[in-house]
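The sequence and structure come first.

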Amino acid sequence: MDFSLPEELADLQTMVRRLAQDKIKPRMREIDESDEYPSDIFEAFRSTGLLGLCIPEEYGGSGAGIFGLVLAIEEVAKYSNAAAVMLLLTRLPAGPIMISGTAEQKKRYLPGIADGSRRAAFGLSERQAGSDVMGIRTHAVPDPDRSGGWILTGTKCWMSGISEADWYMVFAKTSADPSERRHDAVSGFIVERDSAGLSIGSTDRKMGVRGVHTGELILDGVRVPGENVVGEVGGFRTAMLELNAMRPVAAARGLGLAEGALMYATGYAQEREAFTKKIADFQGTQWRIAELATKIEAARLLTYRAAWMADRGEFTGEFIPYLSMAKYYAAELAVEASNVCLQMLGAAGYMKDHPMELYYRDAKQLTIVEGSSEIQLGLIAKGVLDHSLWWD
């Protein structure tokens with residue numbers, strides 16, 4: 001057992017750490033306040049090859065896998081979770097194609113993600129169907145004018161990166177009855193941005209993670225050719241496998257945020273005086289720092305193990321509890337760390353002169369997106385109850 005990073009991943013970590021400090025850290029507050037997409041950060045990611053970390057080399061990527069993406073997102077999330085989402089979106093919508101797509105789909109869509117010439121977004125959730133994914137109502141019916149084609153109607157919501165995407169990975173009911181709740185009633189489709197009947201509805205006024213917009217994708221009789229069906233019709237399992245594989249990627253956002261918050265608060269505590277001493281000299285402050293540092297290292301071990309498992313293809317049912325642990329623990333830690341660190345700064349932490357209130361707002365999203373904390377707890381408990389997570 002070796003806990004050290006391979007040389008190529010250690011070099012990647014060093015490079016991204018430097019990029020994050022030079023390019024993202026100075027922009028973190030501006031990105032949040034302007035709520036404008038940081039195209040300069042995207043170009044920095046493109047020029048350094050970070051957009052293709054998860055993409056196999058034969059499709060123009062670096063083949064660093066989910067582990068490589070986790071390392072990059074961890075470094076970026078120390079300063080901006082919006083920038084971290086930009087990297088996350090190089091995998092989330094492309095993942096179903098990587099898992100179940102045809103050779104032609106991979107050739108057509110993956111190189112554009114890797115070189116930054118095309119961007120994508122992932123559409124599963126709807127207003128009445130967040131955690132209850134089988135409650136989606138977007139419906140696909142066979143196209144009478146095109147063999148193998150489909151016509152999609154419905155509205156997706158809370159789609160990250162919706163405004164910049166060139167194509168969308170969309171899931172819809174393909175059963176005759178759109179209220180059907182069987183998993184084989186749902187299929188995945190690649191939908192091009194310029195498709196007739198497709199439009200972007202409202203964009204969301206978010207509490208945090210501003211700069212990368214989320215919003216509604218409206219599908220009004222959108223025709224999709226048969227070659228854009230991802231996997232088989234009724235292949236909802238593809239969506240679930242992708243969400244499983246993404247757990248460590250989401251966890252990396254929480255891990256990086258917790259690290260960034262604690263580093264900032266520690267620096268402040270070492271400078272700020274109260275009652276004739278530095279705040280960092282008080283035992284109570286030291287204990288808070290120590291507790292968070294320990295939890296950060298625990299989150300790192302869970303996250304790195306989950307990334308290692310995902311790269312081995314271990315994101316099917318029996319491995320879900322381990323992947324869910326990483327996402328649950330890192331997301332909840334991000335909330336705890338941002339709260340504790342804001343308190344360490346006192347009144348200053350509540351002000352926009354410091355980034356703590358930004359960390360605090362951004363952290364909460366992590367307990368909701370890509371499977372809420374409650375969903376993760378249910379999956380972990382199920383693993384114990386059915387003994388896929390067991391100790392003898």
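## Contacts along the chain

Among contacts between residues at least 6 apart in sequence, 73% join residues at least 24 apart. The model is predicted, and this percentage is computed from it.

## Overall form

The protein has twelve helices and ten strands. Of its 392 residues, 56% are buried.

The radius of gyration is 21 Å, which agrees with the value near 21 Å that a compact globule of 392 residues would have. Taken along the principal axes, the box filled by the C-alpha atoms is roughly 80 × 55 × 40 Å.

## Helix 4 and helix 8

Helix 4 spans residues 65–77 and helix 8 spans residues 237–271; their axes come within 7 Å and cross at roughly 25 degrees. Because angles under 35 degrees count as roughly parallel, helix 4 is described as roughly parallel to helix 8. The crossing of the two helices is right-handed.

On the side of helix 4, the contact is made by Ile66, Leu69, Val70, Ile73, Glu74 and Ala77. Helix 8 contributes Ala245, Pro248, Val249, Ala252, Arg253, Leu255, Gly256, Leu257 and Glu259. By class, the residues of this contact are eleven nonpolar, one polar and three charged.

## Asn244 in helix 8

Asn244 also belongs to helix 8. Its relative accessibility is 7%, so Asn244 counts as buried, the cut-off being under 20%. With neighbours within four places in sequence left aside, Asn244 is in contact with Phe315, Ile320 and Leu323.

## Helix 9 and helix 10

Helix 9 covers residues 283–311 and helix 10 covers residues 320–345. The axes of helix 9 and helix 10 come within 9 Å and cross at roughly 155 degrees. Helix 9 and helix 10 are therefore roughly antiparallel to each other, since angles over 145 degrees are classed that way.

The crossing of helix 9 and helix 10 is left-handed. The residues of their contact comprise 19 nonpolar, three polar and four charged.

## Val230 in strand 8

Strand 8 consists of residues 229–230, and Val230 has its place there. With a relative accessibility of 1%, Val230 counts as buried.

Not counting residues up to four places away in sequence, Val230 touches Pro96, Ile97, Ser100, Gly101, Gln105, Met169, Gly188 and Ile190. One of these partners, Met169, is 61 residues from Val230 along the chain, with 8.8 Å between the two C-alpha atoms.

## Ile200 in strand 6

Ile200 lies in strand 6, which runs over residues 198–203. Is this residue buried, partly exposed or exposed? At 29% relative accessibility, Ile200 counts as partly exposed, because that class lies between the 20% limit for buried and the 50% limit for exposed.

Once neighbours within four places in sequence are set aside, the contacts of Ile200 are Ile162, Ser163, Tyr168, Arg193 and Glu216. Val76 is 124 residues from Ile200 in sequence, and the C-alpha atoms of Ile200 and Val76 are 28 Å apart in space.

How values were computed. Residues numbered from 1 in each chain as written. Predicted model: local features only at pLDDT ≥ 70, side-chain atom pairs only at ≥ 80, totals over all residues. Heavy atoms only, no water. Axes fitted to C-alpha atoms, helices over the stretch in contact; angles between N-to-C directions. Helix = DSSP H or I, 4+ residues; strand = E, 2+ residues; numbered from the N terminus. Parallel < 35°, antiparallel > 145°, perpendicular 65-115°, else oblique. Left-handed = near helix turned anticlockwise from the far one by under 90°. Contact = heavy atoms within 4.5 Å. Nonpolar A, V, L, I, M, F, W, Y, C, P; charged D, E, K, R; others polar. Buried < 20%, exposed > 50% of the residue type's maximum accessible area, 1.4 Å probe, protein only. Rg over C-alpha atoms; globule rule 2.2 N^0.38 Å.
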